[in-house]
Amino acid sequence: ESPRLAVTTIADIEENPNILNIIDLTKYSTLIRVVRVTALLVLFARKWKTPEVSNANIFTTKEMLEARNLLLKATQQITYKKEISYLKNSDKFKEPAIVRQLNPYLDDEDLLRCRGRLQYTDLHYDTKFPTLIPKDNYLTTLIVQSMHKTIMHGGVCETLTHIRQTYWIPQGRQFVKKIISKCVTCRSPPFRSVPTPPLPKLRVL
């Protein structure tokens, strides 16, 4: 790929949400690294179009969320292409099973979200309408690992509860269980206290 073509591809990030054509997620071992790299590419694209954009590589929460959503949207467009097409043109396609089960919709950012029984509560928007992410996907693996570490390596139920405050994974319990079973920290033997030795003779009356 020529440098000019590479630059053009990166410059089109904002118009072309499938950033996974540019980033190989498997090269990164944590979610925060993937999101930061994505945020850097978005910054580069904006600087390419608007040179006066700040050169600072310190990202705001909004910019990190924007980068995360870009990754989520790209993943959804690959995995849930049929479901997204149906939601945009329901008259032309047969209703997919996941649409019947989860009643998803596309939000203002074209993110696929699930409707549930909590939509009339006062909970956070992400909790009422969690973002749909596929199981057996590398980005989803990074998300689960990140959530698992955030709650200090809690069990399957605790990790899944924390995940569902933002995301919905089909067959999530089995997937989370599989990821946690590979966690090096959780697989390490628990700390065992050293047996207390007897008192020395000098201290025995």
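A: Contact means heavy atoms within 4.5 Å. By that test, 55% of the protein chain's contacts between residues at least 6 apart in sequence join residues at least 24 apart. The model is predicted: local features need pLDDT of at least 70, side-chain atom pairs count only at pLDDT 80 or more, and totals for chains, interfaces and linings use all residues. Numbering starts from 1 along each chain as its sequence is written, and side-chain values use heavy atoms, without hydrogens or water.

Start with the layout. The protein chain has 10 helices and four strands. These are DSSP runs numbered from the N terminus: H or I over at least four residues for helices, E over at least two for strands. In sequence order the pattern is α-α-α-α-α-β-β-α-β-α-α-β-α-α. The chain has 205 residues, and 37% of them count as buried. Buried means under 20% relative accessible area, exposed means over 50%, and partly exposed lies in between (1.4 Å probe, protein chains only). The accessible surface comes to about 13,700 Å². Carbon and sulfur atoms account for 55% of that surface. The areas come from the Shrake-Rupley method with a 1.4 Å probe; for residues, only the protein chains shown count as cover.

Now the bridges. Side chains of opposite charge can pair when their charged atoms come close. The search of the whole structure finds three salt bridges, each a side-chain nitrogen of Lys or Arg within 4 Å of a carboxyl oxygen of Asp or Glu.

Take R113 first. It sits in strand β2, residues 112-114. R113 pairs with D107, and their closest N and O atoms are 2.8 Å apart. Both D107 and R113 are buried. R113 also pairs with D126, here with closest N and O atoms 3.1 Å apart. D126 is buried, like R113. Together D107, R113 and D126 form a network of salt bridges.

The remaining bridge joins K178 to D136, with closest N and O atoms 2.9 Å apart. K178 lies in helix α9 (residues 172-181) and D136 in the loop between β3 (131-132) and α7 (138-150), so this pair ties together parts that are 42 residues apart in sequence. K178 counts as partly exposed because its relative accessible area is 36%. D136 counts as exposed because its relative accessibility is 53%.

Look at the backbone of D136 too. Most residues other than glycine have a negative phi. D136 is not a glycine, yet its phi is positive, near 55 degrees. H153 also has a positive phi, about 60 degrees, and it is not a glycine either. H153 lies in the loop between α7 and α8. At 28% relative accessible area, H153 is partly exposed.

In α9 the buried residues are G172, F175, V176, I179 and I180. Viewed down the helix axis, these residues fall within an arc of 130 degrees, so they line one face of α9. The arc is taken over the directions from the helix axis to the C-beta atoms. The face turned away from that buried side carries the exposed residues Q174 and K177. The buried residues of α9 pack against α7, α8 (156-163) and α10 (184-187).

L31 is found in α2, residues 31-49. L31 is buried because its relative accessible area is 16%. Leaving aside residues up to four places away in sequence, L31 touches L139, L142, I143 and S146. L31 and S146 are 115 residues apart along the chain, yet their C-alpha atoms are separated by 6.5 Å.

Finally, the cysteines. A search for disulfides, meaning cysteine sulfur atoms within 2.5 Å, finds zero in the whole structure. For C186, the nearest cysteine sulfur is that of C183, 3.6 Å away, and C186 is in no disulfide. C186 is partly exposed at 33% relative accessibility. C157 is also partly exposed, at 46%.
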